[in-house]
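I am opening a notebook on a structure that is new to me. I will write down what I look up, one entry at a time.

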Amino acid sequence: MGTATVTIQVGDREGRQLEELDFIVDTGSTYTAVPRAMLERLGVPIQRSMPSQTADDRIVPVDIGQILVRPGASRPTHRSYSPKCTSQAW
């Protein structure tokens with residue numbers, strides 16, 4: 001079995017700035033992880049911090065902010081988050 005990926009546009013909540021990013025499809029994931037450098041380029045503010053449990057059962061703090069996500073030609077949604085990470089998976 002292979003890894004499923006999808007290219008999605010990520011942007012600030014108003015949709016003024018968008019960048020494409022390849023995401024790994026993870027049906028067990030609760031949040032969407034986006035590289036911090038991209039969020040900083042897009043001007044996405046941190047709204048709060050919260051504890052998060054990793055796959056190896058560690059509890060780590062993550063920063064949360066709202067982003068616009070536009071999968072393909074679908075309508076955008078505002079229900080994705082930006083954990084503090086350096087890659088798309090954590």
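**Entry 1: the chain as a whole**

Among contacts in the protein chain between residues at least 6 apart in sequence, what percentage join residues at least 24 apart? I looked it up: the share is 39%. I note here that I am working with a predicted model.

Next I listed the elements. The protein chain has one helix and six strands. Read from the N terminus, their order is β-β-α-β-β-β-β.

Then I turned to burial and surface. Of the 90 residues in the protein chain, 31% are buried. The chain exposes about 6,100 Å². Carbon and sulfur atoms supply 49% of that area.

**Entry 2: the core**

Which residues form the largest nonpolar core? I found eleven: I8, V10, L21, F23, V34, M38, L39, L42, V44, I67 and V69. I then checked which elements supply them. β1 (5-11), β2 (18-24), α1 (36-42) and β5 (67-71) each give at least two residues. The most comes from α1, with three residues.

**Entry 3: the pairing of β1 and β2**

In which sense do β1 and β2 pair? They pair in the antiparallel sense, over seven bridges. I8 turns up again here, standing opposite L21 in β2.

Six residues lie between the two strands. One of the turn's residues, G15, takes a positive phi near 75°.

**Entry 4: E14**

I stayed in the loop between β1 and β2, where E14 lies. Is E14 buried or exposed? Its relative accessible area is 55%, so E14 counts as exposed. R16 is exposed as well, at 65% relative accessibility.

E14 and R16 form a salt bridge, and their closest N and O atoms are 3.3 Å apart. Their side chains are also joined by a polar contact of 3.3 Å.

I67 is 53 residues away along the chain. The C-alpha atoms of E14 and I67 are separated by 8.7 Å.

**Entry 5: other salt bridges**

How many salt bridges does the structure hold? I counted five on record.

The side chains of E19 and R41 meet in a salt bridge, at 2.7 Å from N to O. E19 lies in strand β2 and R41 in helix α1, so this pair ties together parts that are 22 residues apart in sequence. E19 is partly exposed, with a relative accessible area of 21%. For R41, also partly exposed, the value is 47%.

R58 and D56 make another salt bridge through their side chains, at 3.0 Å from N to O. R58 is partly exposed at 46% relative accessible area. D56 is partly exposed at 48%. I also found a network: salt bridges that share partners join D12, E14 and R16.

**Entry 6: D57**

Where is D57 found? It sits in the loop between β3 (48-53) and β4 (59-64). I flagged its backbone. D57 has a positive phi of about 70°, although it is not a glycine. Most residues other than glycine have a negative phi. D57 is exposed, with a relative accessible area of 56%.

**Entry 7: P35**

My last stop was the loop between β2 and α1, where P35 lies. Is P35 buried or exposed? At 15% relative accessible area it falls under the 20% cut-off, so P35 counts as buried.

P35 and L21 are 14 residues apart along the chain, and their C-alpha atoms are separated by 9.6 Å.

Technical notes. Residues are numbered from 1 along each chain as its sequence is written. This is a predicted model: local features need pLDDT of at least 70, side-chain atom pairs count only at pLDDT 80 or more; totals for chains, interfaces and linings use all residues. Side-chain values use heavy atoms; hydrogens and water are left out. A nonpolar core is a set of buried Ala, Val, Leu, Ile, Met, Phe, Trp, Tyr and Cys residues joined through side-chain atoms within 4.5 Å. Buried means under 20% relative accessible area, exposed over 50%, partly exposed in between (1.4 Å probe, protein chains only). Helices (H or I, at least four residues) and strands (E, at least two) are DSSP runs, numbered from the N terminus. A salt bridge is a side-chain nitrogen of Lys or Arg within 4 Å of a carboxyl oxygen of Asp or Glu. Two strands pair if DSSP finds at least two bridges between them. A polar contact is a pair of N or O atoms within 3.5 Å; within protein, one must be able to donate a hydrogen and the other to accept it, and residues adjacent in sequence count only if both atoms are side-chain atoms. Contact means heavy atoms within 4.5 Å. Accessible areas come from the Shrake-Rupley method with a 1.4 Å probe; for residues, only the protein chains shown count as cover.
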